[in-house]
Amino acid sequence: MTSSPVPTRKVHQGEYPNQVAPLINYNLFTSDPTLVAAVERGGATWAVERVRELGRILGTEEVQRWGVEANEKPPTLHTHDRNGNRRDEVLFHPAWHQLMRTSIAHRLHSLPWTDMRHGAHVARAALMMITVQNEAGHTCPVSMTFSGMAALRAEPEIAKLWEPKILSSEYDAGFAPLSGKKGALLGMGMTEKQGGSDVRANTTRAERIGSSREYLVTGHKWFCSAPMCDAFLILAQTPNGLSCFLLPRWTAAGDKNNFFIQRLKDKLGNRSNASSEVEFSNAWAQLVGEEGRGINTIIEMVNHTRLDCAIAAAGLMRQALVQAVHHCCHRAAFGKLLLEQPLMQNVLADLVLESEAATLMAMRLAESFDRRAGDERQRAFGRIATAISKYWLCKRVLPFVSEALECLGGNGYVEDSGMPRLYREAPLYGIWEGSGNVICLDILRALKKEPATGEALLQELHSAKGADQRFDLFTNAIENDMVNMKKSFASSGQEGQSRRLADRLALALQTSLMIRHASAGNTQAFIASRLGHDHGANFGTLSSAYDLGAILEPATRIFSQS
Ligand SMILES: Cc1cc2nc3c(=O)[nH]c(=O)nc-3n(C[C@H](O)[C@H](O)[C@H](O)COP(=O)(O)OP(=O)(O)OC[C@H]3O[C@@H](n4cnc5c(N)ncnc54)[C@H](O)[C@@H]3O)c2cc1C
């Protein structure tokens, strides 16, 4: 196959020839045609202007600088005041607050809860996907606030009190009782020293005060991110079992709650964000949902944070790709731009396919959240697609960012390029909200206990059938396996095979989306390399049968100009 010419421009002749200028003043939304199309397809055309405006803001030099500064100057813990009184405050660099203010003003924490128009989840997913590309750390409390609201609504009385502050588009970083605040943020406390995946092992205890729905909580949380949030959904044991509580930093009486921050974690990445260890000593909290049904209550929050993990992983991939393409459009080696080197074209084209499929998957998942109200099939699809997408995208982001970083050569390994920050952030999404194995077991659980989820997934795959024989055969094989699985759900052997299953379900789902929404050339190359055996173990091993120039064209057209 003759490859389409790749659009190029002259080697940069700046003060230092062949050093690539940073990518600034570009629009993170409009430069991503896959994302733009997904927003329109998902019914969020009404939000395009809002996403476009945020895309412009995030690409400016000033806002990119905020991301750098918030990570260069990480938060600090202040346990005591000068007189020895407990203070339990974390202080952040002003850049963190600027990032938070921008995200809250654009309603990343609330859009689907405040705007009833169809497509609100899709619109928010697009806002989130571009925001993590600028700075991912601060999206942790933003995401927990968005997700926590979904669970808090199980308790209308408490929700009524908190909702106006949580849904406010005003960011209020003040450490004060709710009554004195214009906006409020939510966090989450499940993981304890003895276990994070197996929360049933939680030892934190809650004792009811009289006959009310108020409790005193005593225990600890080994990971508690963004401890300056105003309240936390936490799990604690009661005589009726594990239960969910809202535990605020200040009590209803306006006193500082018995919530003690022991220390901040020294983390691999995600350095702008504070993750802490906390102790509760008779901390005041209110029951959310039924006593003993804590996991069922908090799972609504977990499902939304899993959605955000999938969106964030796709966003990190996109940003790594953008930086790699930008670099190769302007850097020369051996007398040609890197973009003109056939092997670099292969690497970049392979990354383009992976990123496109990741974006389609995350956006389709967000769409299912929009469509699940009153649509049982979408709800069932969303249930299983959340697990599949969270697992798969959080795995794929790791080799992806590593490969993209290498495209920048030595500069990619240096902090100034921004690539090390992406690289350190990448493994987090796989750990948060259910590590890889736990999510694969969740896929099995969904298929076993909620058969409608498997049926909804197959229906989704069927909608792309007939377009490519390889895909049809792949889907048929999955269908057969699912039928056989049903006969032997009791066998423990299935657990050990659940990653194999999850990988195939993810690939089938991504392929069905490529068939329906990507160009014929990209889809053919994706199918051959991902479903067939026409691919190596690494990126950059696409067959010469495919038009790599055409695969690269949209990205290089945009980033060769920048
Ligand atoms: C930066 C950061 C911030 C965090 N913030 C928060 C927070 O705000 N709130 C909060 O509650 N938690 C938070 N966490 C904790 C996180 O959710 C947990 O680390 C995660 O759920 C895993 O729990 P664990 O660390 O106890 O690992 P474990 O549960 O001990 O798991 C260890 C490994 O074993 C695997 N595994 C577990 N069970 C099985 C099984 N049955 N079969 C096969 N493999 C299995 C897991 O997949 C994992 O790979 C944070 C973590 C990080 C890194």
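This report walks through the chain as a whole and then a few of its residues.

What you have here is a predicted model, where local features need pLDDT of at least 70, side-chain atom pairs count only at pLDDT 80 or more, and totals for chains, interfaces and linings use all residues. Residues are numbered from 1 along each chain as its sequence is written, and side-chain values use heavy atoms, with hydrogens and water left out.

**The chain overall**

Let's start with the fold: the chain has 20 helices and 11 strands (DSSP runs, with helices being H or I of at least four residues and strands E of at least two, numbered from the N terminus). Its radius of gyration is 24 Å, close to the 24 Å from the globule rule for 562 residues, so the chain is as compact as a globular protein of that length. That radius is taken over C-alpha atoms, and the rule is 2.2 Å times the number of residues to the power 0.38. Along the principal axes, the C-alpha trace spans about 80 × 65 × 40 Å.

**Aromatic pairs**

Searching the whole structure turns up 9 aromatic pairs. Rings of Phe, Tyr and Trp (its six-membered ring) pair if their centres lie within 6.5 Å; planes under 30 degrees apart are stacked, over 60 edge-to-face, and the rest tilted. Take tyrosine 215 and phenylalanine 245: their ring centres are 4.8 Å apart and the planes sit at 65°, so this pair is edge-to-face. Tyrosine 215 is in strand S5 (residues 214-225) and phenylalanine 245 in strand S7 (residues 241-248), so the pair ties together parts 30 residues apart in sequence. Elsewhere, Phe232, Phe259 and Phe280 form one aromatic cluster.

**Aspartate 88**

Aspartate 88 belongs to strand S2 (residues 86-91).

| Residue | Relative accessibility | Class |
|---|---|---|
| Tyrosine 215 | 1% | buried |
| Phenylalanine 245 | 0% | buried |
| Aspartate 88 | 0% | buried |

Terms used
Buried means under 20% relative accessible area, exposed over 50%, partly exposed in between (1.4 Å probe, protein chains only).
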